[in-house]
Amino acid sequence: MKERSKGRIHIQVIYDAEFGTQQQMVNQMKFGGVDFARVSLSSLSDELPILNVLQLPFLYQDSGHMWRVLNGEAGKELWNTFYELELVPLAWFDAGARSFYSTEPIDNLKDLEGMNIRVQDSQLMRDMITLLGGTPVDRAYSEVYSAFETGEIDAAENNWSSYHASSHYKVAKYYMVDEHTRVPEIQLISGETWCLLSDEDIKIINSAAEDAAEYEKQLWKEHEEAARTNVIHYGCEEIILSEEELDQLREKMAPLYEEYCSEYMDILEKIERERR
């Protein structure tokens, strides 16, 4: 944006949660205290329950399916809901796919039964673990490594990049590629800030956001592939599930679709139509 505005617009980037949690950032954006933020949909779903649709487990076939949905009819409908919070959406960002990893091999559904599994602070995720026969354990992300060491948990779930960056691969060497959730993140601008912008500035911001999203996808893919290569080189085992096992996992999640998204079945139908 600095380049495209010939130095007129400069964005100060703040990181490491200096402005608080994602939810706190969103609250500040509502009155213009923060101009831009990139947030996970989970931080907005309490206020916009429709976003639970995109957090359902086993919603997509693969990454391509997710991007067809986000760039299609269903994605546009969800995109427009952010305006209800006086937030203006700019671009979807990739955040990878989350899978289970554990201290013991997990080759099939039966192996998850009876396990203590760390999950995000989300009732939807807790219910998912319960349906799989495991026991959900709430622990801060920073406490997961030590929880593995003490035997407090048997498994956790996250994407390849986080699995590597957190060093969890050193205490939980089995990574089962089930890709149960693909929850995108979104780049937002405060509605208060948006109203102060000229048409020219809006064009600059939109074009920069679109290009940044494409660049982020590229960086994410490269980083994820590097993380996977590194942990396998370390001695971790990648476990690939059969299509039969994945189908059984999807079938077990049916109650969650009804409980959390019964009002949004039309959107789920649109998502289903994007399968190939």
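Q: Which side chain does the side chain of Arg182 make a polar contact with?
A: The side chain of Glu179, at 3.0 Å. A polar contact is a pair of N or O atoms within 3.5 Å; within protein, one must be able to donate a hydrogen and the other to accept it, and residues adjacent in sequence count only if both atoms are side-chain atoms.

Q: Ground rules before we go on?
A: This is a predicted model: local features need pLDDT of at least 70, side-chain atom pairs count only at pLDDT 80 or more, and totals for chains, interfaces and linings use all residues. Residues are numbered from 1 along each chain as its sequence is written, and side-chain values use heavy atoms, with hydrogens and water left out.

Q: Back to Arg182. Buried or exposed?
A: Arg182 is buried, at 12% relative accessible area. Buried means under 20%, exposed over 50%, partly exposed in between (1.4 Å probe, protein chains only).

Q: Where is Arg182 in the fold?
A: In the loop between strand 7 (174–181) and strand 8 (185–190). Helices (H or I, at least four residues) and strands (E, at least two) are DSSP runs, numbered from the N terminus.

Q: And what is Arg182 in contact with, leaving aside neighbours within four places in sequence?
A: Leu54, Tyr60, Asp62, Ser63, Met66, Gly96 and Ala97. Contact means heavy atoms within 4.5 Å.

Q: Switching to salt bridges. How many in the whole structure?
A: The search finds 16. The criterion is a side-chain nitrogen of Lys or Arg within 4 Å of a carboxyl oxygen of Asp or Glu.

Q: What does Glu73 meet in a salt bridge?
A: Lys270, at 3.5 Å, N to O. Glu73 lies in helix 3 (residues 73–79) and Lys270 in helix 12 (residues 265–273), so the pair ties together parts 197 residues apart in sequence. Lys270 counts as buried, at 16% relative accessibility. Glu73, Glu77 and Lys270 are also linked in a network of salt bridges.

Q: What about Arg98: which residue does it form a salt bridge with?
A: Glu157, with the closest N and O atoms 2.9 Å apart. Arg98 is in strand 3 and Glu157 in strand 6 (residues 155–158), so this pair joins parts 59 residues apart in sequence. Arg98 is buried at 13%, and Glu157 is buried at 1%.

Q: Where do Arg250 and Asp247 lie?
A: Both are in helix 10 (residues 243–252), three residues apart, about one turn of the helix. Arg250 is partly exposed at 24%, and Asp247 is partly exposed at 35%.

Q: Why does that spacing work in a helix?
A: An α-helix has 3.6 residues a turn, so residues three or four places apart point the same way.

Q: Aromatics next. How many pairs?
A: Ten. Rings of Phe, Tyr and Trp (its six-membered ring) pair if their centres lie within 6.5 Å; planes under 30 degrees apart count as stacked, over 60 as edge-to-face and the rest as tilted.

Q: What is the geometry of Tyr101 and Phe148?
A: Tilted: 6.1 Å centre to centre, 35° between the planes. Tyr101 lies in strand 3 and Phe148 in helix 6 (residues 144–150), so the pair ties together parts 47 residues apart in sequence. Tyr101 is buried at 1%, and Phe148 is buried at 6%.

Q: And Tyr101 with Tyr163: how far apart are the ring centres?
A: They are 4.6 Å apart, and the planes are at 45°, so that pair is tilted. Tyr163 is in helix 7 (residues 160–165), 62 residues from Tyr101. Tyr163 is buried at 0%.

Q: Which residues form the aromatic cluster?
A: Tyr101, Phe148, Trp160, Tyr163, Tyr169, Tyr175 and Tyr234.

Q: What does helix 5 pack against?
A: Its buried residues pack against strand 3 (98–102), strand 4 (116–119), strand 5 (135–138), strand 7 and helix 11 (254–261). Those buried residues are Leu124, Met125, Arg126, Asp127, Met128 and Ile129.

Q: Last one: backbone. What is phi of Phe58?
A: Near 55°, a positive value in a residue other than glycine. Phe58 sits in the loop between strand 1 (36–40) and helix 2 (63–70). Phe58 is buried at 4%.

Q: And Lys6: buried or exposed?
A: Exposed, at 77%. Lys6 also has a positive phi, about 55°, although it is not a glycine.
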